Every structure is written in structure tokens, then in C-alpha cells.
Amino acid sequence: MSTYSIVLVAFGLSMDAFAVSITNGMNSKSYILKQAFKIGLLFGLFQAIMPLIGYIAGVEIKEYIANIDHWIAFTLLMFLGLKMITDAIKNETEPETKLKFSNNIYVILLLAVATSIDALVVGLSLSIIGVAVLIPAIITGIITFAMSFIGVSIGGKFGKICGNKFEIIGGLVLCFIGIKVLIEHLVK
């Protein structure tokens with residue numbers, strides 16, 4: 001596999017994380033650089049680890065994962081997106097009851113898993129075709145870190161300009177990504 005191909009795959013894998021990062025940045029009220037680093041680090045880490053896990057799992061587990069990966073990503077993204085939308089519509093003001101999308105580490109970890117499931121399948125595919133996984137995993141992690149960092153920063157600028165209006169849009173983006181993942185896998 002050429003370096004060019006690896007970089008293209010890495011950018012493709014990072015696009016969902018980039019979109020989610022923009023949404024996260026729109027909902028961040030402060031500390032955008034700190035948030036961008038945290039999101040970038042976690043998303044990049046998961047995008048780097050998942051191909052390694054997929055590679056190690058090998059051919060035996062490929063069929064099982066291929067049948068449910070889209071459902072896992074869809075469920076996680078829809079749950080988080082719908083929660084954001086309902087919180088925005090209810091206009092809840094109590095910090096304890098509102099989903100703290102931008103700061104809640106558990107939500108960020110769920111999003112990191114949801115946006116990196118495709119990388120798991122890529123790792124499985126690399127094991128099947130006999131391509132070493134370490135360099136593609138590292139490149140994918142680095143590119144995802146950079147794209148996520150940039151995404152949070154871009155989203156933060158829009159969030160400061162438009163305030164809380166983007167919470168509904170952010171929830172819709174997550175739902176759209178979940179639906180997109182599901183449709184792409186069901187149409188194959």
C-alpha cells in the first residue's frame with residue numbers, strides 16, 4: 001500500500017471525526033484550544049487504535065463486526081444527536097441535566113468510538129490483504145488528531161458568533177452522520 005493511498009484512507013476515516021469536532025466546537029463556550037486538543041487527542045487515539053484491534057482480530061471476527069458495526073455507530077450517534085436536540089428544544093438551563101456535549105468525557109469517548117468503528121474494519125481488511133497496519137494506524141491517528149483539532153477550532157468560532165442556536169444543528173449533524181453510516185452499510 002503506497003503512502004499516498006494510506007493518507008487518502010486516513011483522510012477518509014477522519015471525516016466523521018472532523019464533522020463531529022466542528023459540532024463540538026460550536027457547543028463549546030470557552031477553552032476552545034484545550035477542548036480542541038482533548039477532542040483531537042481522543043479521536044486521533046481511537047482512530048489509531050481501532051485498526052490495530054481490527055488487524056489483531058483478523059479474519060475470524062470480520063463477518064461478525066461487518067454485520068453490526070454500522071448499527072453500533074448509528075445507535076451511538078443517534079442517541080447523542082437526539083439528546084442534544086431535545087435539550088435545545090426544552091431549553092434546559094440546569095447544567096446537571098443538560099448534556100454537556102463539549103466537556104463530558106464519557107460523551108467524547110462514545111463519539112470517539114462511534115467515529116472510529118470504520119477504522120476497525122479497515123484494520124480487518126488490512127489483515128486480510130496482508131498489509132502491515134502500524135504505519136497506516138499512526139498516519140490515521142495523526143491526521144484525525146489534526147482534523148479534529150481544526151474542526152473544534154472552526155466550530156468554536158461559529159459558536160461564539162451564533163451562540164446556542166447551533167445545538168440543534170449539531171444534534172442534526174450527529175443524527176445525519178449516524179443515518180449516513182447506516183445507509184452506506186445497508187446499501188452495499
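1. Phe37, Phe145 and Phe149 are joined into a cluster by ring pairs, where rings of Phe, Tyr and Trp (its six-membered ring) pair if their centres lie within 6.5 Å, and planes under 30 degrees apart count as stacked, over 60 as edge-to-face and the rest as tilted. By this rule the count comes to 3 aromatic pairs.

2. Before going further, please note that this is a predicted model, in which local features need pLDDT of at least 70 and side-chain atom pairs count only at pLDDT 80 or more, while totals for chains, interfaces and linings use all residues. Residues are numbered from 1 along each chain as its sequence is written, and side-chain values use heavy atoms, with hydrogens and water left out.

3. The count of aromatic pairs is 3. The pair of Phe37 and Phe145 is edge-to-face, because the ring centres are 5.8 Å apart and the planes stand at 80°. This pair links distant parts of the chain, since Phe37 belongs to helix H2 (residues 32–90) and Phe145 to helix H4, 108 residues apart; helices here are DSSP runs (H or I, at least four residues), numbered from the N terminus.

4. Phe145 also pairs with Phe149, with centres 6.1 Å apart and planes at 35°, so this pair is tilted. Because Phe145 and Phe149 are 4 residues apart in helix H4, about one helical turn separates them. Phe37 is partly exposed at a relative accessible area of 45%, and Phe149 is partly exposed at 26% (buried means under 20% relative accessible area, exposed over 50%, partly exposed in between, with a 1.4 Å probe and protein chains only).

5. Beyond its neighbours within four places in sequence, Ser148 is in contact (heavy atoms within 4.5 Å) with Ala17, Ser21, Ile39, Gly40 and Phe43.

6. The structure holds 1 cavity of 30 Å³ or more, a cavity being a set of points on a 1 Å grid over the protein atoms alone where a 1.4 Å probe fits but cannot get out, with lining residues having an atom within 4 Å of a point. The lining of the largest cavity includes Asp16, Asp69, Thr115 and Val181, and its largest share, 5 residues, comes from H3.

Notes. Helix = DSSP H or I, 4+ residues; strand = E, 2+ residues; numbered from the N terminus. 1 Å grid on protein atoms, 1.4 Å probe; cavity = no way out; pocket = protein on both sides within 12 Å on 5 of 7 lines; lining within 4 Å. Points joined across faces, edges and corners; volume = space filled by probe spheres on them.
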